[in-house]
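Subject: Structure handover

Hello,

Here is the structure I promised to pass on. Please open it first, then read the notes below.

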Amino acid sequence: MIPDPFLTAGFLICGTFTVVLGVVHFVMPWLLDFDGAIPTDGDSLRPLPLLVVTYQTKRSDIRGIAQIMNHAVSYTLVSIGSVDLLASRWLAAWFAPHLLVWIACWWFLRAATQRHMGSRPGDWLVAAGFTLIGVFHLAVAVG
């Protein structure tokens with residue numbers, strides 16, 4: 001069992017970090033220059049075969065998908081962070097271990113996919129940090 005002061009501090013740190021990261025993610029398309037990275041002009045893209053039809057993918061589709069995914073991640077991060085900040089209200093509930101495992105798995109998935117960003121020391125550090133957040137939630141769930 002994790003002592004209460006560590007639980008409180010852990011959820012405060014994780015929750016605050018996650019909410020801030022989620023808010024920052026809302027402006028990532030601008031910070032990372034999605035428009036410059038995914039130009040609207042250029043060679044045609046490979047069509048997407050969908051069972052009986054083929055969808056002619058445009059560069060604006062790719063930019064749109066990147067925006068949609070980014071904002072969905074932003075929303076999820078702000079939600080997870082808010083849940084963490086309110087942990088004292090739900091930790092004793094029957095669903096707490098299930099929610100904590102779900103959050104831990106989300107962070108483990110996020111850590112594993114950091115590799116898509118590269119293998120620079122910073123990428124490994126980010127992956128390790130996200131893994132630690134997942135480990136904290138998993139430890140609380142099984143503790």
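A contact, as used here, means heavy atoms within 4.5 Å. This is a predicted model: local features need pLDDT of at least 70, side-chain atom pairs count only at pLDDT 80 or more, and totals for chains, interfaces and linings use all residues. Residues are numbered from 1 along each chain as its sequence is written, and side-chain values use heavy atoms, with hydrogens and water left out.

Start with Gln-114. It sits in the loop between α6 and α7. Helices are DSSP runs of H or I, at least four residues, numbered from the N terminus. Leaving aside residues up to four places away in sequence, Gln-114 touches Asp-123, Val-126, Ala-127 and Phe-130. Gln-114 counts as buried because its relative accessibility is 5%. Buried means under 20% relative accessible area, exposed over 50%, partly exposed in between (1.4 Å probe, protein chains only).

The Gln-114 side chain also makes polar contacts (N or O atoms within 3.5 Å; within protein, one must be able to donate a hydrogen and the other to accept it, and residues adjacent in sequence count only if both atoms are side-chain atoms). One joins it to the side chain of Arg-110 at 2.9 Å. Another, of 3.2 Å, joins it to the side chain of Asp-123.

Now α6 itself. Its buried residues are Ala-96, Leu-100, Ile-103, Ala-104, Trp-106, Trp-107 and Ala-111. They lie on the same side of α6, because they cover an arc of only 155 degrees around the axis (taken from the directions from the helix axis to the C-beta atoms). Their cover includes α1, α4, α5 and α7. On the other side, His-98, Leu-109 and Ala-112 are exposed.

Best wishes

How values were computed. Helices (H or I, at least four residues) and strands (E, at least two) are DSSP runs, numbered from the N terminus.
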